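Have the viewer open and follow along.

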Amino acid sequence: MRNRLSRALPVAVAVLAAVTVALPVSAAAAAVSAPVSHAAPADHATYIVTVHPGLDPAAVADAYGITPLHVYRSTLNGFAARLSPEQVEDLRATAVVESIEKDGGATSFGSGI
């Protein structure tokens, strides 16, 4: 059953992305019903998921039943979300995702200015 779902989800995401790109923004927003929260429990780690250019990161998250904490469209095309280990595995198995990185602190090593 899971194997069949793993094969069907990338197709569903591709179809959703094609429909979303083809529709004007207002029509795309009207076509999407109110989201059902599928946020992972607070004890799950937060990940940054980067999806391929041209895909709507919010639509990809929704297709996998994920409620993003943030959606990024400028610096990178993706979203941040708390993900279960199963969700991370499912996202890594799809062709629409470029990368998945565990969210963490950032440091800067400057010139001491």
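Please keep in mind that this is a predicted model. In S3, the bridge partner of isoleucine 48 is alanine 80. That pairing belongs to a set of 5 bridges between S3 and strand S1, residues 46–51, and the two strands run antiparallel.

Now turn to the other neighbour of S3. Histidine 70 also stands opposite alanine 80, while tyrosine 72 has glycine 78 as its bridge partner in S3. Strand S2, residues 70–72, is joined to S3 by 3 bridges, again in an antiparallel arrangement.

Step back and the whole sheet comes into view. How many strands form the open sheet, and in what order? There are 4, arranged S2-S3-S1-S4 with antiparallel pairing. S2 and S4 are the edge strands, each pairing on one side only. From one strand to the next, the twist averages 20 degrees.

Is S3 mostly covered or mostly open to the outside? Strand S3, which spans residues 78–82, is mostly covered, with 4 of its 5 residues buried. Helix H4 lies across S1, S3 and S4, and its direction makes an angle of about 150 degrees with S4.

This brings us to the packing. The largest nonpolar core holds 16 residues, and Val49, Ile66, Phe79, Leu83 and Leu91 have the most contacts inside it. Two or more residues each come from S1, helix H3 (57–63), S3, helix H4 (85–92) and strand S4 (97–102). S1 gives the largest share of this core, 3 residues.

Why does threonine 46 count as buried? Its relative accessibility is 16%, and the cut-off for buried is under 20%. Leaving aside residues up to four places away in sequence, threonine 46 touches Leu69, Ala80, Ala81, Arg82, Glu101, Lys102 and Asp103. With one of these, arginine 82, the threonine 46 side chain makes a side-chain polar contact of 3.4 Å.

Our last stop is about charge. Side chains of opposite charge can pair when their charged atoms come close. A search of the whole structure finds 1 salt bridge. Which side chains meet in it? They are those of aspartate 56 and arginine 73, with a distance of 2.7 Å from N to O. The pair links distant parts of the chain, 17 residues apart: aspartate 56 sits in the loop between S1 and H3, and arginine 73 in the loop between S2 and S3.

Are the two partners buried or exposed? Aspartate 56 is partly exposed, because its relative accessible area is 23%, which falls between the cut-offs of 20% and 50%. Arginine 73 counts as exposed, because its relative accessible area is 53% and the cut-off for exposed is over 50%.

Key
Residues numbered from 1 in each chain as written. Predicted model: local features only at pLDDT ≥ 70, side-chain atom pairs only at ≥ 80, totals over all residues. Heavy atoms only, no water. Buried < 20%, exposed > 50% of the residue type's maximum accessible area, 1.4 Å probe, protein only. Pairing = 2+ DSSP bridges. Core = buried A, V, L, I, M, F, W, Y, C linked by side-chain atoms within 4.5 Å. Salt bridge = Lys/Arg side-chain N within 4 Å of Asp/Glu carboxyl O. Axes fitted to C-alpha atoms, helices over the stretch in contact; angles between N-to-C directions. Contact = heavy atoms within 4.5 Å. Polar contact = N/O pair within 3.5 Å; in protein donor to acceptor, adjacent residues only side chain to side chain.
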